[in-house]
Amino acid sequence: MELSYLQEYVVFSRYLSMAETARQMHISQPALSHHIAALEREFGVPLVNHELPLSLTRAGKLLVTRANEIDSLVGKTLEEVRAAGQTEYELKVALPQTTGLAGRYFLERLFSDFAKAYPQVHLRTVRLTAESVAKAFADDTIDCAGVVVCPLLSDMEQGIRFRRVVGFPVVQLALWVDKTNPLATLDEIRWSDLHDLKMPMASNYSLACHRAAEQLMAEHGIKTTSRVSGESLSDFMNSYQPDEVSLFDMSSADTMWCKISRERVCKPICEPDAISDGYVALRPDRDTEALALLNEYLDSLAREYADA
């Protein structure tokens with residue numbers, strides 16, 4: 001089957017005129033008639049009602065639908081094959097180790113969509129806590145990293161640049177607090193209510209969120225007492241004392257470990273900057289083709305968001 005004959009037949013279905021179709025396709029009318037006749041012989045059914053005015057048969061209408069699908073598939077196949085034949089690049093990406101955050105899943109989808117848009121880029125992902133990003137850059141084990149909550153000043157001081165990701169699902173930060181704690185009775189919690197709190201952190205779970213939260217609180221002159229535990233998550237959660245609080249974003253409020261504790265409640269922090277946000281961390285001195293394509297993709301997202 002000649003694809004060009006199908007394309008001619010689709011154009012004919014629009015005009016239902018041999019003369020106009022031949023003019024549009026830059027062929028002679030006899031050639032067009034010959035090509036349509038060849039299709040009818042190949043399918044074994046009439047495709048055109050030749051009584052004036054010309055019209056398509058039922059089989060002809062079905063062929064137009066399938067021919068459009070074939071044309072779309074051919075175009076997509078050409079794009080994919082050409083992309084597969086291009087030089088392949090590797091991008092080493094660090095994603096948040098913290099689980100239960102809306103940001104983690106958004107960033108995973110962001111890089112997944114990027115890989116679909118640029119199939120010549122092969123992603124190699126690792127899980128890191130926020131305080132590990134600078135070391136990973138220094139050790140040349142990553143090219144970029146997804147970051148939630150806010151960029152750490154310690155990273156920026158080491159030359160890491162942060163690009164805010166547009167369309168990120170902004171989620172309010174909250175406290176997980178014992179019901180006997182006076183904070184549990186407040187209708188609204190402000191930064192000013194958080195002075196001198198004890199905030200334990202699990203090194204394998206919430207450290208990334210807490211480090212960024214500590215920075216936010218430091219910007220408001222708030223001092224807290226922290227301890228970092230290497231315990232398993234279940235042991236860590238069971239070791240909480242009534243006077244200790246934990247900070248995370250509200251997308252974690254429905255996780256199992258929040259639900260199983262009947263002695264604790266989630267209280268959102270009602271401040272405009274008490275939010276989980278999304279960033280891609282980059283090194284300005286690192287210049288690769290894969291990173292250039294990533295920046296191109298982030299630029300396109302920013303334009304789409306601005307036009308929406």
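Q: How many aromatic pairs does a search of the whole structure find?
A: The search finds four aromatic pairs. The model is a predicted one.

Q: How are the rings of phenylalanine 114 and tyrosine 118 arranged?
A: Their centres are 5.3 Å apart and their planes meet at 40°, so the pair is tilted.

Q: Is phenylalanine 114 buried or exposed, and what about tyrosine 118?
A: Phenylalanine 114 is buried, at a relative accessible area of 0%. Tyrosine 118 is buried too, at 13%.

Q: Which aromatic pair do phenylalanine 114 and tyrosine 297 form?
A: That pair is tilted, with 5.6 Å from centre to centre and 50° between the planes. Because phenylalanine 114 belongs to helix α5 and tyrosine 297 to helix α11, the pair ties together parts 183 residues apart in sequence. Tyrosine 297 counts as buried, with 11% relative accessibility. Ring pairs join Phe114, Tyr118 and Tyr297 into a cluster.

Q: Turning to the largest nonpolar core, how many residues has it?
A: It has 23 residues, and those with the most contacts inside it include Phe114, Leu110 and Val280. Elements giving two or more residues to this core include α5 (102–117), β13 (278–282) and α11 (289–307). The largest share, seven residues, comes from α11.

Q: Elsewhere, where does histidine 35 lie?
A: Histidine 35 is in helix α3 (residues 29–43). Histidine 35 is buried, with a relative accessible area of 14%, and touches Tyr5, Glu8 and Ile27, not counting residues up to four places away in sequence.

Conventions
Residues are numbered from 1 along each chain as its sequence is written. This is a predicted model: local features need pLDDT of at least 70, side-chain atom pairs count only at pLDDT 80 or more; totals for chains, interfaces and linings use all residues. Side-chain values use heavy atoms; hydrogens and water are left out. A nonpolar core is a set of buried Ala, Val, Leu, Ile, Met, Phe, Trp, Tyr and Cys residues joined through side-chain atoms within 4.5 Å. Buried means under 20% relative accessible area, exposed over 50%, partly exposed in between (1.4 Å probe, protein chains only). Helices (H or I, at least four residues) and strands (E, at least two) are DSSP runs, numbered from the N terminus. Contact means heavy atoms within 4.5 Å. Rings of Phe, Tyr and Trp (its six-membered ring) pair if their centres lie within 6.5 Å; planes under 30 degrees apart count as stacked, over 60 as edge-to-face and the rest as tilted.
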